[in-house]
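Subject: Structure handover

Hello,

Here is the structure we spoke about. Please look through it first; my notes follow below.

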Amino acid sequence: MLFAGGAIALLIFLYSAPEETTSRMPRDENHRKFYEIKSKKEAEKLCVGCHSKGGEYPLTDTHPDPYRCLFCHKRD
Ligand code: HEC
Ligand code: HEC
């Protein structure tokens with residue numbers, strides 16, 4: 001009885017967990033090469049070329065501290 005209750009509570013908990021909402025890194029022409037670089041650290045060094053002020057797709061002012069891009073923006 002107690003066990004069944006626990007199992008149900010756990011299921012409800014898992015079911016209501018928030019979805020991951022941070023956008024994933026796109027899999028397109030611009031980002032294809034980063035799927036091939038195994039080391040996240042190495043890949044991240046190249047992001048800022050485009051994703052910085054003056055780049056082709058700068059981060060917004062509300063962007064969180066952009067350290068270690070790929071921890072938040074997962075590769076799929
Ligand atoms: C050659 C330039 C270029 C480089 C280098 C680059 N990006 Fe991008 N990125 C873009 C452009 C342009 C877009 C918007 C269009 C698109 O989806 O490709 C974009 C979109 C994104 C998005 C989606 C943002 C949204 O609005 O949903 C994420 C996340 C992202 N990039 C992460 C990265 C990460 C992480 C790296 C480094 C590993 C990286 N980018 C390197 C050009 C680049
Ligand atoms: C602490 C987590 C975190 C880190 C680290 C991070 N981001 Fe983001 N990023 C976010 C969130 C949250 C958003 C806005 C919500 C969303 O993804 O739609 C965002 C949005 C973006 C966007 C869309 C434009 C914008 O500013 O809203 C791009 C492009 C992007 N990030 C690229 C990068 C790059 C490149 C790096 C590394 C230099 C990076 N991010 C590091 C969490 C993060």
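The site of the iron atom of ligand 2 is octahedral, with angles of 87 to 179° among its six donor atoms. Donors are N, O and S atoms within 2.8 Å of the metal (3.2 Å for Na, K and Ca), and as water is not among the atoms, sites may look incomplete. Six donors count as octahedral if opposite donors are over 155 degrees apart and all others between 65 and 115. Ideal angles for six octahedral donors are 90 or 180 degrees.

His 63 and His 73 coordinate this iron atom through NE2, at 1.9 Å. His 63 lies in the loop between helix H3 (40-44) and helix H4 (69-72) and His 73 in the segment after H4, so the pair ties together parts ten residues apart in sequence. Helices are DSSP runs (H or I, at least four residues), numbered from the N terminus.

Ligand 1 is surrounded by 18 residues (a heavy atom within 4 Å). Among the closest are His 31 and His 51. A polar side-chain atom of His 31 is 2.8 Å from a nitrogen atom of ligand 1, and a side-chain N or O atom of His 51 is 2.7 Å from a nitrogen atom of ligand 1.

The model is predicted: local features need pLDDT of at least 70 and side-chain atom pairs 80 or more, while totals for chains, interfaces and linings use all residues. Residues are numbered from 1 along each chain as its sequence is written, chains are lettered from A and ligands numbered from 1 in the order written, and side-chain values use heavy atoms, without hydrogens and water.

Regards

Technical notes: Four donors count as tetrahedral if all angles lie between 85 and 135 degrees; four count as square planar and six as octahedral if opposite donors are over 155 degrees apart and all others between 65 and 115; anything else is irregular. Helices (H or I, at least four residues) and strands (E, at least two) are DSSP runs, numbered from the N terminus. A polar contact is a pair of N or O atoms within 3.5 Å; within protein, one must be able to donate a hydrogen and the other to accept it, and residues adjacent in sequence count only if both atoms are side-chain atoms.
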